[in-house]
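Please have the sequence and the structure open as we go.

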Amino acid sequence: MAPSPAASLSLSDVDGKRELRLAGRLDSYSIAGVWPDARAALDAAPNVPVLIDTSRVEYCDGGGIAMLVDLLRQPRPPEAQVSVVGLKPQFQTLLDQFDPVAMRAPPKEHEERLHTVAEIGRAALIVGRDMRVQVAFIGETSSALWFAITHPHRIRWKDVWYTCEQVGVNALPIVALISFLLGIILAFQSAVPMKQFGAEIFVADLVGLSILRSGAAFAAEIGTMKVNEELNALTTMGLDPVRFLVVTRIIAALLMMPLLCIFADLIGILGGALTMISFNIPISAFLHEVDSLVDVKDLLAGLAKAPVFAILIAGIGCLRGLQTQTGASAVGISATRAVVSAIILLVVVDGIYAFVYYLLDI
Amino acid sequence: MPAEPIIRVEHFTAGYEGNVLMRDINFTVNRGEVFVILGGSGSGKSTLMKHMIGLYEPMAGAVYIDGDDIVTSEGDARRAILKKIGVMYQSGALFGSMTLLENVRLPLEEYTSLDDDAIDLVAQMKLKLVGLDAFSGHMPSEISGGMQKRAAIARAMALDPTILFLDEPSAGLDPITSAELDLLILRLARSLHITFVIVTHELASIYAVADRVIMLDKRTKGIIAEGDPKVLRDTSDNPWVRQFFRREAAPDTIAETA
């Protein structure tokens, strides 16, 4: 089979008229070679009539027709019109379906570039709106928590225990692993006294990081409920989603976080003890050392962070979940936003704690 | 029995972000009837229903449910209205972490002071009404789509509402399951005198259950037909309405293809 002839274009100027002769196959692949040239030939002669001779076109598909329409639709003065002649009848019917004038590209909407100041203002408005949502959420959650405290029998304890299992029990392996390893590492650098790891400041951070997973899980869970209209179902039952979903999760996190911290303390000390044993330091000596360096104040300084971190992580997870939009990607976006916001908040709040502890000389 | 309106929608305008979806519409639903809101895709029928149950706030107008306007109601007054209605969402919206029985129990636990055994019994009876009493211990993910919708109806009926709203009950169901659901709706409507407001575009379902329909249209942003569906099919002088009931392509699409 002979290779199909590619599209070709030749042009001539006769009697103040320009003539474009197209030949060969005009299909979606071959037209790329002639389309720009044809447009250029047209644009180069804006004030003379142009005749497009297609009598030697053997084949023309939708792409070829599109090129012809493009050549026909260019706005030109009335005395310099473009016309297509000699197209085979079967291709002519394809071309006749389109009115080139109607196919003119709509003028590009000139999106007004905002002034930098206006841009900043708009961004600030968006931040402001987000802040307002968060403040409203804090308010709703606080009032729902207050209601829960004053009406403990109205708390859905079954949901609380279930969430405790997710937040607390299921977090044990990861918390154990991290604090054990950290205990070993710190003991190896054992110049670093136990105080540094100590029941103190970092444990809460560490456990906070490891229950970030719960915050993301809350966001995903509540987000999915929103997508599935379960939140609407609660609302039309007259039940407040904040009281129903957020309060139970925050209570569960509040209950579990301090326990996880104590657990991490113990496992960390265990890791340190194992290291010391490998250095032939008797365990009693190690424990004595720990006892002399770490006091209850250190333990409490760590534990004091726990409830705040718990509220932050659980709260932000729930908020992001409630804010979930519709669509398949929405839940993933909410989970990601929950993690990001929680990390930022953890760092900020930790800074505040560090400052306060510094002032209090803890 | 003379028709007594239980829902009145008055001078109701709704839309999204300045885009008006329906303008100044008025209609009533009578006590005990099966009332169907229909319309093509994008006509706003689901949106209208979500306004009627108070999920969205309209741009203007009022929705009176048994005499009280749900739009302006708040707090306890809103809850009092919500107790009169039950809603079945398109996906069922059963709580995925609870069994069917727990799903039906939930509204009872929250609103009644019945003891545990009594709540169990009431919930079981609701499941029995929809033929799911044998599945009370199942999780929503363990049952079929049709069963999920029936369970959602059971949950919606937990507090014996006077009005049940169903959003697209036949969506995603095979014809037989869909027909069974129609029978269930009719049975509940006739035996328990529940008023049904149903959003659907499933013709077979409409003919099977509807006492009266309204048809929304996105071009006119309003109601273009109201009445008995079979009568509308045969006598409406609106070409759109006739096409809809005869399941034909829209008039302007036909003109284009001709």
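How many residues lie between strand 1 of chain B and strand 2 of chain B in the hairpin that they form? There are two residues between them, and Glu17(B), in the turn, has a positive phi of about 40°.

Before I continue, a word on conventions: this is a predicted model, in which local features need pLDDT of at least 70 and side-chain atom pairs count only at pLDDT 80 or more, while totals for chains, interfaces and linings use all residues. Residues are numbered from 1 along each chain as its sequence is written, chains are lettered from A and ligands numbered from 1 in the order in which they are written, and side-chain values use heavy atoms, with hydrogens and water left out.

As for confidence, chain B has a mean pLDDT (the predictor's confidence in each residue, from 0 to 100) of 87, and 95% of its residues reach 70 or more. Within chain B the lowest mean, 52, belongs to helix 10 (residues 251–257), and the highest, 94, to strand 8 (residues 195–199); helices (H or I, at least four residues) and strands (E, at least two) are DSSP runs, numbered from the N terminus.

Turning to the interface, 21 residues of chain B are in contact (heavy atoms within 4.5 Å) with 17 residues of chain A. The two chains bury about 1600 Å² between them, 54% of it on carbon and sulfur atoms, buried area being the accessible area (1.4 Å probe) that two parts lose on being put together, summed over both. On the chain B side, Tyr89(B), Phe95(B) and Glu110(B) lose the most area to chain A, together 32% of what that side buries.

Between the chains there are six salt bridges, each a side-chain nitrogen of Lys or Arg within 4 Å of a carboxyl oxygen of Asp or Glu. One of them joins Arg154(A) to Glu110(B), with the closest N and O atoms 3.8 Å apart.

How values were computed: Pairing = 2+ DSSP bridges.
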